[in-house]
Amino acid sequence: EATSPGKSETPSLRHIAGAFDTLQRRAEQATSGVMVVDLPPELIDPSPYADRMIDGRESEDLSLREKIETDGQLVPILVRPNPGDIARYQVAYGHRRLRACKALNRTVRAVVREMTDRELVTAQARENIERLDLTFFELARFALRLKNSGYDKREIPSILGLDRTEVSRMLTAGAAIPDDIAEMLGRLPGIGRGRFLELAALFSELPQLAAVVRAENVQSPFSNMDP
(Lines give C-alpha, C1' and ligand atoms only; values in the text may rest on other atoms or scores of the structure.)
Protein backbone atom coordinates (compact mmCIF):
# COMPACT_ATOMS: atom_id res chain seq x y z
CA GLU A 1 0.00 0.00 0.00
CA ALA A 2 1.44 3.38 -0.97
CA THR A 3 2.08 5.87 1.79
CA SER A 4 -0.05 8.99 1.46
CA PRO A 5 1.76 12.34 1.12
CA GLY A 6 2.74 13.76 4.50
CA LYS A 7 2.18 10.49 6.32
CA SER A 8 5.05 9.72 8.73
CA GLU A 9 7.08 6.52 8.64
CA THR A 10 5.81 3.64 10.69
CA PRO A 11 7.74 2.89 13.90
CA SER A 12 9.00 -0.36 12.35
CA LEU A 13 10.51 1.48 9.39
CA ARG A 14 12.12 4.04 11.68
CA HIS A 15 13.55 1.19 13.73
CA ILE A 16 14.98 -0.49 10.63
CA ALA A 17 16.52 2.80 9.53
CA GLY A 18 18.02 3.28 13.00
CA ALA A 19 19.43 -0.24 12.94
CA PHE A 20 20.98 0.36 9.52
CA ASP A 21 22.60 3.60 10.74
CA THR A 22 23.98 1.77 13.77
CA LEU A 23 25.45 -1.05 11.68
CA GLN A 24 27.00 1.49 9.32
CA ARG A 25 28.53 3.34 12.28
CA ARG A 26 30.00 0.12 13.67
CA ALA A 27 31.43 -0.80 10.28
CA GLU A 28 33.08 2.61 10.05
CA GLN A 29 34.55 2.12 13.55
CA ALA A 30 35.99 -1.24 12.55
CA THR A 31 37.64 0.09 9.39
CA SER A 32 38.81 3.44 10.74
CA GLY A 33 40.08 2.27 14.13
CA VAL A 34 38.08 5.01 15.85
CA MET A 35 37.66 4.08 19.49
CA VAL A 36 35.61 7.01 20.80
CA VAL A 37 32.36 7.93 19.06
CA ASP A 38 29.50 10.36 19.64
CA LEU A 39 26.18 8.62 20.28
CA PRO A 40 22.65 9.94 20.81
CA PRO A 41 21.82 9.28 24.49
CA GLU A 42 18.37 7.99 23.55
CA LEU A 43 20.00 4.98 21.86
CA ILE A 44 21.75 3.88 25.06
CA ASP A 45 19.99 1.65 27.58
CA PRO A 46 21.08 1.19 31.22
CA SER A 47 23.08 -1.83 32.29
CA PRO A 48 20.88 -4.86 33.01
CA TYR A 49 22.72 -5.06 36.36
CA ALA A 50 21.83 -1.93 38.31
CA ASP A 51 24.40 -0.86 40.88
CA ARG A 52 23.54 2.69 41.89
CA MET A 53 20.37 3.48 43.84
CA ILE A 54 18.54 6.67 42.92
CA ASP A 55 17.18 8.27 46.08
CA GLY A 56 16.22 11.76 44.94
CA ARG A 57 19.29 13.37 46.50
CA GLU A 58 21.68 13.09 43.55
CA SER A 59 22.94 16.66 43.80
CA GLU A 60 26.23 15.52 42.26
CA ASP A 61 24.34 15.01 38.97
CA LEU A 62 23.66 18.74 38.74
CA SER A 63 27.30 19.54 39.44
CA LEU A 64 28.45 17.10 36.75
CA ARG A 65 25.93 18.50 34.28
CA GLU A 66 27.24 22.02 34.86
CA LYS A 67 30.83 20.83 34.41
CA ILE A 68 30.04 19.09 31.13
CA GLU A 69 28.11 22.11 29.92
CA THR A 70 31.12 24.34 30.64
CA ASP A 71 34.09 22.11 29.78
CA GLY A 72 32.56 19.39 27.63
CA GLN A 73 32.57 15.65 28.37
CA LEU A 74 36.23 14.90 29.04
CA VAL A 75 35.89 11.20 29.94
CA PRO A 76 33.94 8.88 27.61
CA ILE A 77 31.53 6.26 28.87
CA LEU A 78 31.82 2.55 28.04
CA VAL A 79 29.00 0.83 26.14
CA ARG A 80 28.40 -2.41 24.30
CA PRO A 81 25.99 -3.21 21.46
CA ASN A 82 22.68 -4.23 23.01
CA PRO A 83 22.42 -8.03 22.56
CA GLY A 84 18.64 -7.76 22.19
CA ASP A 85 18.48 -4.85 19.75
CA ILE A 86 21.12 -4.13 17.10
CA ALA A 87 19.99 -0.50 16.89
CA ARG A 88 20.81 0.21 20.51
CA TYR A 89 23.59 0.06 23.11
CA GLN A 90 23.94 -0.79 26.80
CA VAL A 91 26.12 1.22 29.16
CA ALA A 92 28.70 -0.56 31.30
CA TYR A 93 29.77 2.54 33.20
CA GLY A 94 29.17 6.26 32.93
CA HIS A 95 25.48 6.35 33.86
CA ARG A 96 25.83 9.80 35.44
CA ARG A 97 27.64 11.22 32.41
CA LEU A 98 24.95 9.69 30.20
CA ARG A 99 22.17 11.31 32.25
CA ALA A 100 23.97 14.65 32.18
CA CYS A 101 24.40 14.61 28.39
CA LYS A 102 20.79 13.58 27.93
CA ALA A 103 19.62 16.46 30.14
CA LEU A 104 21.82 18.85 28.12
CA ASN A 105 20.39 17.45 24.85
CA ARG A 106 23.84 16.64 23.51
CA THR A 107 25.54 13.53 22.19
CA VAL A 108 27.61 11.45 24.58
CA ARG A 109 31.22 10.41 23.90
CA ALA A 110 31.50 6.66 24.25
CA VAL A 111 33.88 3.75 23.74
CA VAL A 112 31.98 0.91 22.05
CA ARG A 113 33.23 -2.56 22.91
CA GLU A 114 31.83 -6.04 22.34
CA MET A 115 31.37 -7.57 25.81
CA THR A 116 29.78 -10.62 27.34
CA ASP A 117 27.48 -10.14 30.33
CA ARG A 118 30.33 -11.09 32.66
CA GLU A 119 32.74 -8.66 30.99
CA LEU A 120 30.17 -5.88 31.18
CA VAL A 121 29.36 -6.38 34.84
CA THR A 122 33.04 -6.76 35.73
CA ALA A 123 33.94 -3.49 33.98
CA GLN A 124 30.98 -1.82 35.66
CA ALA A 125 31.93 -3.04 39.12
CA ARG A 126 35.64 -2.25 38.85
CA GLU A 127 35.03 1.27 37.55
CA ASN A 128 32.58 2.18 40.29
CA ILE A 129 34.63 0.62 43.08
CA GLU A 130 37.82 2.35 41.93
CA ARG A 131 36.02 5.69 41.67
CA LEU A 132 34.40 5.16 45.09
CA ASP A 133 31.04 5.95 43.52
CA LEU A 134 29.15 3.27 45.41
CA THR A 135 28.19 3.34 49.06
CA PHE A 136 28.73 0.12 50.99
CA PHE A 137 24.97 -0.43 50.97
CA GLU A 138 24.82 -0.08 47.17
CA LEU A 139 27.73 -2.47 46.76
CA ALA A 140 26.02 -5.10 48.90
CA ARG A 141 22.80 -4.69 46.93
CA PHE A 142 24.75 -4.95 43.68
CA ALA A 143 26.37 -8.21 44.83
CA LEU A 144 22.93 -9.54 45.75
CA ARG A 145 21.52 -8.62 42.33
CA LEU A 146 24.33 -10.54 40.66
CA LYS A 147 23.55 -13.61 42.76
CA ASN A 148 19.82 -13.30 42.03
CA SER A 149 20.61 -12.96 38.30
CA GLY A 150 22.20 -16.39 38.28
CA TYR A 151 25.87 -15.71 39.03
CA ASP A 152 27.42 -18.34 41.28
CA LYS A 153 28.39 -16.75 44.59
CA ARG A 154 31.90 -18.11 44.04
CA GLU A 155 32.16 -15.93 40.90
CA ILE A 156 31.04 -12.69 42.48
CA PRO A 157 34.23 -11.94 44.49
CA SER A 158 36.34 -12.04 41.32
CA ILE A 159 33.84 -9.85 39.47
CA LEU A 160 33.86 -7.26 42.24
CA GLY A 161 37.55 -7.65 42.97
CA LEU A 162 36.81 -8.20 46.65
CA ASP A 163 37.64 -10.81 49.28
CA ARG A 164 35.37 -13.87 49.26
CA THR A 165 34.60 -13.60 52.98
CA GLU A 166 33.65 -9.95 52.61
CA VAL A 167 31.34 -10.69 49.68
CA SER A 168 29.74 -13.51 51.66
CA ARG A 169 28.95 -11.03 54.45
CA MET A 170 27.56 -8.59 51.87
CA LEU A 171 25.26 -11.20 50.38
CA THR A 172 23.96 -12.29 53.77
CA ALA A 173 23.44 -8.74 55.00
CA GLY A 174 21.95 -7.53 51.72
CA ALA A 175 19.41 -10.37 51.71
CA ALA A 176 18.34 -9.54 55.28
CA ILE A 177 16.85 -6.18 54.24
CA PRO A 178 13.68 -6.54 52.11
CA ASP A 179 13.84 -4.98 48.65
CA ASP A 180 11.06 -2.46 49.26
CA ILE A 181 12.74 -1.21 52.44
CA ALA A 182 16.11 -1.00 50.68
CA GLU A 183 14.51 1.29 48.12
CA MET A 184 12.98 3.38 50.93
CA LEU A 185 16.36 3.76 52.61
CA GLY A 186 18.14 4.85 49.44
CA ARG A 187 21.92 4.94 49.09
CA LEU A 188 22.69 5.41 52.82
CA PRO A 189 25.79 7.55 52.14
CA GLY A 190 26.45 7.99 55.87
CA ILE A 191 26.29 4.28 56.66
CA GLY A 192 29.62 2.47 56.46
CA ARG A 193 30.32 -1.23 56.58
CA GLY A 194 29.98 -1.68 60.35
CA ARG A 195 26.69 0.17 60.75
CA PHE A 196 25.22 -1.51 57.68
CA LEU A 197 26.03 -4.97 59.06
CA GLU A 198 24.45 -3.95 62.38
CA LEU A 199 21.32 -2.76 60.56
CA ALA A 200 21.08 -6.00 58.59
CA ALA A 201 21.51 -8.01 61.80
CA LEU A 202 18.54 -6.17 63.35
CA PHE A 203 16.32 -7.15 60.42
CA SER A 204 17.46 -10.77 60.78
CA GLU A 205 16.91 -10.88 64.54
CA LEU A 206 13.64 -8.91 64.65
CA PRO A 207 11.16 -10.23 62.04
CA GLN A 208 8.64 -7.54 63.05
CA LEU A 209 11.07 -4.73 62.28
CA ALA A 210 10.19 -4.66 58.58
CA ALA A 211 6.51 -3.96 59.35
CA VAL A 212 7.49 -1.20 61.80
CA VAL A 213 9.76 0.46 59.23
CA ARG A 214 7.06 0.32 56.55
CA ALA A 215 4.53 1.91 58.89
CA GLU A 216 7.02 4.61 59.91
CA ASN A 217 7.75 5.41 56.29
CA VAL A 218 4.02 6.01 55.68
CA GLN A 219 3.93 8.53 58.53
CA SER A 220 7.24 10.26 57.71
CA PRO A 221 8.64 9.22 54.30
CA PHE A 222 12.39 8.59 54.44
CA SER A 223 12.78 10.40 51.11
CA ASN A 224 11.91 13.68 52.89
CA MET A 225 14.66 13.27 55.47
CA ASP A 226 18.04 14.93 55.26
CA PRO A 227 20.88 12.57 54.30
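The model is predicted, and local features are reported at pLDDT of at least 70, side-chain atom pairs only at pLDDT 80 or more, while totals for chains, interfaces and linings use all residues. Residues are numbered from 1 along each chain as its sequence is written, and side-chain values use heavy atoms, with hydrogens and water left out.

The chain contains ten helices and five strands, taken as DSSP runs (helices H or I, at least four residues; strands E, at least two) and numbered from the N terminus. Of its 227 residues, 41% are buried, that is, under 20% relative accessible area with a 1.4 Å probe and protein chains only. Among contacts (heavy atoms within 4.5 Å) with a separation of 6 or more, 77% are between residues 24 or more positions apart.

Strand β3 (residues 77-81) is largely enclosed by the rest of the structure, because five of its five residues are buried. In a regular strand, side chains alternate between the two faces of the sheet. In β3, I77, V79 and P81 point one way, and L78 and R80 point the other way. Strand β3 is joined to two other strands, where pairing requires at least two DSSP bridges. With β5 (residues 108-112) β3 runs parallel through three bridges, and L78 stands opposite V111. With β4 (residues 89-93) the arrangement is antiparallel, with four bridges, and V79 has V91 as its bridge partner.

Helix α3 spans residues 95-103, and its buried residues include H95, R97, L98, A100 and C101. Just after α3, N105 adopts a positive phi of about 60°.

Two packed helices are described by the angle between their axes and the distance between the axes. The axes of α7 (residues 164-176) and α9 (residues 193-205) come within 8 Å and cross at roughly 45°; axes are lines fitted to C-alpha atoms over the stretch in contact, with angles from 0 to 180 degrees between N-to-C directions. The two helices are therefore oblique to each other, the class left after roughly parallel (under 35 degrees), roughly antiparallel (over 145) and roughly perpendicular (65 to 115). The crossing of α7 and α9 is left-handed, meaning that the near helix is turned anticlockwise from the far one by less than a right angle. On the α7 side, E166, R169, A173, G174 and A176 make the contact, meeting R193, F196, L197, A200, F203 and S204 of α9. These residues divide into six nonpolar, two polar and three charged, where Ala, Val, Leu, Ile, Met, Phe, Trp, Tyr, Cys and Pro count as nonpolar, Asp, Glu, Lys and Arg as charged, and the others, Gly among them, as polar.

Methods
Buried means under 20% relative accessible area, exposed over 50%, partly exposed in between (1.4 Å probe, protein chains only).
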